[in-house]
Amino acid sequence: MNENQSHESEFEIHVSERVTRLPPYLFGHINNVLYTKRRAGDDVIDLGMGNPSDPPQAPVIEKLIEAARDPNNHGYSNSLGIKNLRRESAAKYFRNYGVRLDPESEVIACLGSKEGFSHMCLALMGPGDTAIVPAPYFPVHVHTVVLAAGGVISLEVADNDTFLSNIAYTCQHLFPKPKLLIINYPHNPSSATVDPHFFVEIVRLAKRYGFMVIHDFAYADIAFDGYLPPSFLSAPGASDVGVEFTTMSKGYNMAGWRVGFCAGNPHMVKALGTIKGYYDYGMFQPIQIAAIVAMRHTEAAVEEQSTIYQRRRDVLCGGLSRIGWKVTPPRAGMFVWVPVPEPWKSRMNTMDFATMLLQQGDVAVSPGSGFGPAGEGYLRLALVENENRLRQAVRQIDRCLSSQTAGNTNLPSQQTAP
Ligand SMILES: Cc1ncc(COP(=O)(O)O)c(C=O)c1O
């Protein structure tokens, strides 16, 4: 080994505290098992991620191809989104919720709502600032605050009135007061929903205690049995205190396209625009053009997609109840959030239970503990496989659990309980 080589091997990379203080990613274990099984050729039914498996509408794809053929569409685009895309998002707000937005100052396009959400946290939060997040939490809601050097208080969302009174209590007792409230309805993972009055209360609390609000409205387009998830922005005064993020990932089956929007308070929208101006050069223009077509011409398909999820919900919830699980069917969103049934719940933690279903039942689900301590004891099942595969998943789960109760020694011991 020469002198240069020995110096190279000693060189250490010290990443920033911003990276090292991030909480561990708990789905890594399940993802690794899933990957190994798939590589071994196992046909795993994957209800883990909320990654839509149906394609976008044909005219949207055709528009993308047509726009990609235009040589004028290959340069850097506007990092805030082209005007017509922002205008189309504002038009959708008016059509669906009666909310009037100025597309110039109150709407911004993001590279998926996750990017916009993360950069909004960076624009609003800093050392010493605290955000209230829902518990259980979509991990992004915590990680983005932590990356922005802020702290997090998580409050349980299971009961809407309790959640509201806990927000008030936290504001009365925490010093300095929370700077930001993050909410998300229909909620991932718990599928909790609200009615419009809830947002009126949120605005009242925000004004009273002086916190800003971000509403993550990712599942706006997926609702069942006639329920219409309300927009936060339709509450009077909402734009005084906050913004709302929407996405084309879920209802339009365009998750890989990375199209989302931030709308509402113009100062917050501007702050996000400032950060984005430093970080990115905007979305590939043909994607923006095709996204306009999707919003303008494929609303009927978005409704139909909801019906597909509703049928899947019925199949999965019906099947799980038949095998004895206590499942409450969600009225919106892409997930079924269900307690681990007894005797398993008393015998093992959620991660072990989910690992067992995957290893021995070939069904991947998300363990609730991946969504924070409030998720322990629950599983999240995404409605991303078709009805037949969902029926098959229930059969495989049933078979897996029956073989375990029949005295299989692979049953994890009580020592693994948290
Ligand atoms: C609650 C919630 N917000 C945001 C996102 C991210 O959406 P996007 O694809 O627009 O970044 C997801 C995706 O799973 C989600 O569940």
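Predicted model: local features only at pLDDT ≥ 70, side-chain atom pairs only at ≥ 80, totals over all residues.
The space that the ligand takes up is the largest pocket of the model, and 13 residues stand around the ligand, of which Asp216, Tyr219, Thr247, Ser249 and Arg258 come nearest. Among the elements of secondary structure, helix α6, which covers residues 112–124, gives the most to the shell, contributing three residues.

In the case of lysine 114, a backbone N or O atom is found 2.9 Å from an oxygen atom of the ligand. In the case of lysine 250, a polar atom of the side chain lies 2.8 Å from an oxygen atom of the ligand, and for arginine 258 a polar side-chain atom is placed 2.7 Å from an oxygen atom of the ligand. The ligand taken alone would expose 400 Å², and 91% of that area is buried by the protein.

Charged side chains were also considered over the whole structure, where a search finds 20 salt bridges. One of these is formed by aspartate 54 and arginine 312, whose closest N and O atoms are 3.0 Å apart. Because aspartate 54 belongs to the loop between β1 (45–46) and α4 (58–69), while arginine 312 belongs to helix α13 (residues 299–322), the pair ties together parts that are 258 residues apart in sequence.

Most peptide bonds are trans, and most residues other than glycine have a negative phi. Against this background, the peptide bond that leads from alanine 135 to proline 136 is cis, its omega being near 0°, and proline 136 is located in the loop between β3 (130–135) and α7 (139–147). A cis peptide bond also joins asparagine 188 to proline 189, with an omega of about 15°, and proline 189 is found in the loop that runs between β5 (180–183) and α9 (196–209). Aspartate 225, a residue other than glycine, has a positive phi, with a value near 55°, and the position of aspartate 225 is in the loop between β6 (212–216) and α10 (238–241).

Terms used: Residues numbered from 1 in each chain as written. Heavy atoms only, no water. Near = heavy atom within 4 Å. Polar contact = N/O pair within 3.5 Å; in protein donor to acceptor, adjacent residues only side chain to side chain. Areas by Shrake-Rupley, 256 points an atom, 1.4 Å probe, with all protein chains shown as cover. 1 Å grid on protein atoms, 1.4 Å probe; cavity = no way out; pocket = protein on both sides within 12 Å on 5 of 7 lines; lining within 4 Å. Sits in = over half its atoms within 2 Å of the grid points. Helix = DSSP H or I, 4+ residues; strand = E, 2+ residues; numbered from the N terminus. Salt bridge = Lys/Arg side-chain N within 4 Å of Asp/Glu carboxyl O.
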